[in-house]
Amino acid sequence: MESMFRGTTICGVKKDGKIALAGDGQVTMSESVIFKSNAHKVRRIYNDSVVIGFAGSVADAFSLCERFENMLNKFSGNLMRSAVELAGTWREDKASRQLNAMMIVADKDQLLIVSGTGEVIEPDDDVCAIGSGGNYALAAAKALKQNTNLSAKEIAQKALEIAGQICVFTNDHITIEEV
């Protein structure tokens, strides 16, 4: 059964040796009610060396984040190995395959998407976005990265602001973390 709580936008940008993740704060109940406007869906984990942003049903996203952090602990913070192992267990575990969530994860060197189908994706152009406003944020971030001198953090912020002007499931309560 699908969760009634959804709606978010997460954007990741890697530029000039920095990686920034930005996420809005809106949690939507069904299709028409803003249930919460200041949720924090971007956070630091693993001794503050990894940043994670999640989208999808709230309970599934928390479960996925917890499983990812367990993998980071198991593999001494190796981001790629942790993501690949999580994706592998996701495909093998019947309960995990039912999780309706995605994540963007980053450390000081890598930016990855862990998809809802158990895939690990390195984004093109070092820019990625997920969630209900993800396509809007992705387009904005790509354009800003290609045509401005803004930093990774500034691009992620502006991409979320633009997505929030277009997507009704994205608001302007933005959390940004940079590694």
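**Close-up 1. Glu177 and its partner Arg44.** Glu177 comes out as partly exposed because its relative accessibility is 22%; the scale used here calls a residue buried under 20% relative accessible area, exposed over 50% and partly exposed in between, with a 1.4 Å probe and protein chains only. Glu177 makes a salt bridge with Arg44, and the closest N and O atoms sit 2.7 Å apart. For that label, a side-chain nitrogen of Lys or Arg has to be within 4 Å of a carboxyl oxygen of Asp or Glu. Since Glu177 belongs to strand S12 (residues 175–178) and Arg44 to strand S6, the pair ties together parts 133 residues apart in sequence. Arg44, at 29% relative accessibility, is partly exposed.

A word on the model: it is predicted, so local features need pLDDT of at least 70 and side-chain atom pairs count only at pLDDT 80 or more, while totals for chains, interfaces and linings use all residues. Numbering starts from 1 along each chain as its sequence is written, and side-chain values use heavy atoms, with hydrogens and water left out.

**Close-up 2. Asp24 and Lys41, a salt bridge between two loops.** The closest N and O atoms of Asp24 and Lys41 are 3.7 Å apart. Asp24 is in the loop between strand S3 (18–23) and strand S4 (27–29), whereas Lys41 is in the loop between strand S5 (33–36) and S6, so to speak distant parts of the chain, 17 residues apart. Both Asp24 and Lys41 are buried. The salt bridge count comes to five.

**Close-up 3. Arg81 and Glu85 within helix H2.** These two side chains meet in a salt bridge at 3.7 Å, N to O. Arg81 and Glu85 are four residues apart in helix H2, about one turn of the helix. Arg81 is partly exposed, with a relative accessible area of 42%, and Glu85 is partly exposed too, at 30%.

**Close-up 4. The five-stranded sheet and helix H2.** The strands of this open sheet run in the order S6-S7-S8-S9-S10, with antiparallel pairing. Strand S6 (42–45) and strand S10 (120–121) are at the edges with a single partner strand each, so one side of each has no neighbour in the sheet. Helix H2 (residues 79–92) packs on the sheet and touches strand S7 (50–56), strand S8 (101–106), S9 and S10, and its direction makes about 5° with that of S9. Strand S9 (residues 111–114) pairs with S10 in the antiparallel sense over two bridges; Val114 has Val120 in S10 as its bridge partner.
Helices (H or I, at least four residues) and strands (E, at least two) are DSSP runs, numbered from the N terminus, and two strands pair if DSSP finds at least two bridges between them. Contact means heavy atoms within 4.5 Å; axes are lines fitted to C-alpha atoms, for helices over the stretch in contact, with angles from 0 to 180 degrees between N-to-C directions.

**Close-up 5. Phe54 and Phe62.** The whole structure holds one aromatic pair. Phe54 and Phe62 form this tilted pair, 5.4 Å centre to centre with 55° between the planes. Rings of Phe, Tyr and Trp (its six-membered ring) pair if their centres lie within 6.5 Å, and planes under 30 degrees apart are stacked, over 60 edge-to-face, the rest tilted. Phe54 is buried at 4% relative accessible area, while Phe62 is partly exposed at 40%.
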